[in-house]
Amino acid sequence: MTTAPALDSKQKAVVDAAQVAVQSRGYWTTVGGRIRDDKVTMVCGFVVLLIVFSAVFADLIALADPYKASMLRRLAEIGAPGYPLGADEMGRDMLTRLLYGGRLSLFMGISPIVIAFVIGGTLGLVAGFLGGRVNMAIMRVMDVFYAFPSVLLAVAISGALGAGIGNAIVSLTLVFIPPITRVTESVTTQVRSLDYVEAARASGARSLTIIRVHILSNVLGPVFIYATSLISVSIILASGLSFLGLGTEPPEPEWGLMLNTLRQSIYVNPWVAALPGVMIFFTSLSFNLLSDGLRSAMDVRL
Amino acid sequence: MLNYIIRRVLYVIPIGLGVTVLVFALVHMSPGDPLSAVVPPDAPEEMVQDLRKAYGFDKPLPVQYVTWLGRVLVGDLGVSVARGREVVEELRIAVPNTFILAAGGTLLGFTLGAILGGIAGFFQGRWIDKLATSIAITGVSVPHYWLGLVLVIIFSVEMNVLPSIGMGPGGSTAWEWDAEHMRHLVLPVITLAVIPMGLITRTVRATVAEILNQEFVQALHAKGLFQRQVLAHIVRNAAPTTLAVMGLQLGYLLGGSILVETVFQWPGTGSLLNSAIFERDLPLLQGTILVLAMFFVLLNLIVDILQSAIDPRMSRR
């Protein structure tokens, strides 16, 4: 009996794509070709790379010190001499801090997905492959986590653990393990019942071999796509936690935290105060479009 | 179907218990002594021990859990440490305020999403579809707490036409149906509506497109039905999925409005959670999370039952 809410449309598309992956030949070549033809996805891929690179190499690109405050330059306008994007409430160069801010924002947004992908993927694989009581146990625990709206769960765990980058990552990981487990379980259950897996079992292959050779290769792709589609939400939530004062602590440059501290200054210099959010928005939008592009490239039904 | 409803209702019990375990564990996972919020650091050891006993913190955790659960079941969520009032009282003020915001957000998001998604689904591939799809993806990608801030900047700071914070004049915490309160509602509701609008647009578009591809639609046309009548069939077929997404969204907004409530200083559960976290007010934290999660569980239940009533196939899953 499935009493848990049905898979949503995104999850369903991922599960359907798994079946397609099994059927077609030269699959990855087709996918590669489709992505190259898709301008939006290519542009978004480029934007994502640009954001990641500018964060990683912030110390080479940025002109100023992200921590150096200046009382004279407090809340300088956008375009003020020497401050192309203005200055924050402590007179620190906004452009520099936005570049550096990407480091923590991206790290806090992406690492929970990576960890949840590994843990949730393993749990889902085990639950789907073994079925029966193990499946029951794992999936019912996930149902309990599903009983919390994601923002509430993230805030509740972070709030209980206290502020800090590590705690924020732990809480976001816990938020994303259940959905990833669910999708993996669903895909695995579907692949497991296919004829060729039965054939492998009949010819005497051990369980581990079946998982490694036959199941993993068909499950990994769709689950990976699903995980990438969660990055956008994760980045928004990670910065959201910092915005609430539950993530990064001052004076570290991080988009959510910058938004929080600049919030007091919206009556003085509103548009400088809004800048960190523009970065979060573009990053999350690019990841979303990129993941949409990857998904439709993998989904033959289109 | 009755069978399904009974099983579905019974399933709320283990999930509800699981939720209480998780909420209890969460609060006891938090570092530091749970008494640190009430007891000054230089309090005499004897007094600390007495308080520990009074709060029941000296007993083993499972015993504490059972005691706590027993009180929760009769509606006693304890006393807020920082405010010195019953947690239930605090929630009685905050929950309706959050509900107004969440209901407004869902309603606006749902209306816009259903219209945009319906149009996009009917005119797939045309410019209007592309426009609706772009609006939808922007809606799901925008950090809504930032959008709230931008709206405040535009309508409060620059144009000075709408209030930026609070729920009513003079820091009102009780909702009234008057113009002042409505004016305070505008910006938070728009902010909150953006995510459900995006999600519902995408769902409705996909559902309508899927239905249009089914043979029965051609059969209806072939039968000579008017466009309007065919539309009625499509709406009826798209309703269960859309309803499910909408129900879940209302739940997400109830529990997820904390960020928006923080931006607008709206006196709801989000603000309650926020102050509970920063004042390390564990009973208030525990009670608020529990109540919000239980609302979500119940909402899921209602959605599933309604869905099975509209679409009999659901109950045979």
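This is a predicted model: local features need pLDDT of at least 70, side-chain atom pairs count only at pLDDT 80 or more; totals for chains, interfaces and linings use all residues.

Trainee: What is the phi of Arg280(B) near?

Mentor: The general idea comes first. Most residues other than glycine have a negative phi, and most peptide bonds are trans. In this model, phi of Arg280(B) is near 45°, a positive value in a residue other than glycine.

Trainee: How many other C-beta atoms lie within 10 Å of Arg280(B)?

Mentor: There are 19 other C-beta atoms within 10 Å, so Arg280(B) is partly exposed. The cut-off for buried is 20 or more.

Trainee: Which other residue of chain B has a positive phi to look at, and where does it lie?

Mentor: Asn160(B), likewise a residue other than glycine, has a positive phi near 55°. Asn160(B) belongs to the loop between H6 and H7 of chain B. Because Asn160(B) has 9 C-beta neighbours inside 10 Å, this residue counts as exposed.

Trainee: Which residues does a cis peptide bond join?

Mentor: Pro250(A) and Pro251(A) are joined by a cis peptide bond, with omega about 5°. Pro251(A) is in the loop between H10 and helix H11 (255-262) of chain A.

Trainee: What does the secondary structure of chain A come to?

Mentor: Chain A has 12 helices and zero strands. The C-alpha trace of chain A spans about 75 × 45 × 30 Å along its principal axes. Of its 302 residues, 49% count as buried. Among contacts in chain A between residues at least 6 apart in sequence, 72% join residues at least 24 apart.

Trainee: How do I read a pair of packed helices?

Mentor: Two packed helices are described by the angle between their axes and the distance between the axes. Take helix H4 (residues 87-122) of chain B and H11(B): they pack at an angle of about 130°, with their axes 7 Å apart. H4(B) and H11(B) are therefore oblique to each other.

Trainee: Which residues meet in the pairing of H4(B) with H11(B)?

Mentor: From H4(B), Glu90(B), Ala94(B), Val95(B) and Thr98(B) meet Thr269(B), Gly270(B) and Leu272(B) of H11(B). By class, the residues of this contact are three nonpolar, three polar and one charged.

Trainee: How many residues does the largest nonpolar core have?

Mentor: The general idea is that in soluble globular proteins, nonpolar side chains tend to be buried together. Here the largest nonpolar core has 157 residues, and those with the most contacts inside it include Leu152(A), Val155(A), Ile180(A) and Ile289(B). Helix H10 (residues 207-243) of chain A gives the largest share of this core, 16 residues. Leaving aside residues up to four places away in sequence, Ile289(B) touches Leu152(A) and Ala156(A), as well as Val23(B) and Leu26(B).

Trainee: How many residues of each chain are in contact with the other chain?

Mentor: On chain B, 46 residues are in contact with 38 residues of chain A. Several helices of chain B each supply at least two residues to the side that touches chain A, among them helix H7 (179-212), helix H9 (227-256) and helix H12 (282-310). H1(B) gives the most, with 10 residues.

Trainee: How does the side of chain B that touches chain A divide by class?

Mentor: That side has 31 nonpolar, 11 polar and four charged residues.

How values were computed: Residues are numbered from 1 along each chain as its sequence is written. Chains are lettered from A and ligands numbered from 1 in the order in which they are written. Two residues are in contact if their C-beta atoms, placed from the backbone, lie within 7 Å. Helices (H or I, at least four residues) and strands (E, at least two) are DSSP runs, numbered from the N terminus. Ala, Val, Leu, Ile, Met, Phe, Trp, Tyr, Cys and Pro count as nonpolar, Asp, Glu, Lys and Arg as charged, and the others, Gly among them, as polar. A residue is buried if 20 or more other C-beta atoms lie within 10 Å of its own, exposed if 12 or fewer, and partly exposed in between; C-beta atoms are placed from the backbone. A nonpolar core is a set of buried Ala, Val, Leu, Ile, Met, Phe, Trp, Tyr and Cys residues joined through C-beta atoms within 7 Å. Axes are lines fitted to C-alpha atoms, for helices over the stretch in contact, and angles run from 0 to 180 degrees between N-to-C directions. Angles under 35 degrees count as roughly parallel, over 145 as roughly antiparallel, 65 to 115 as roughly perpendicular and the rest as oblique.
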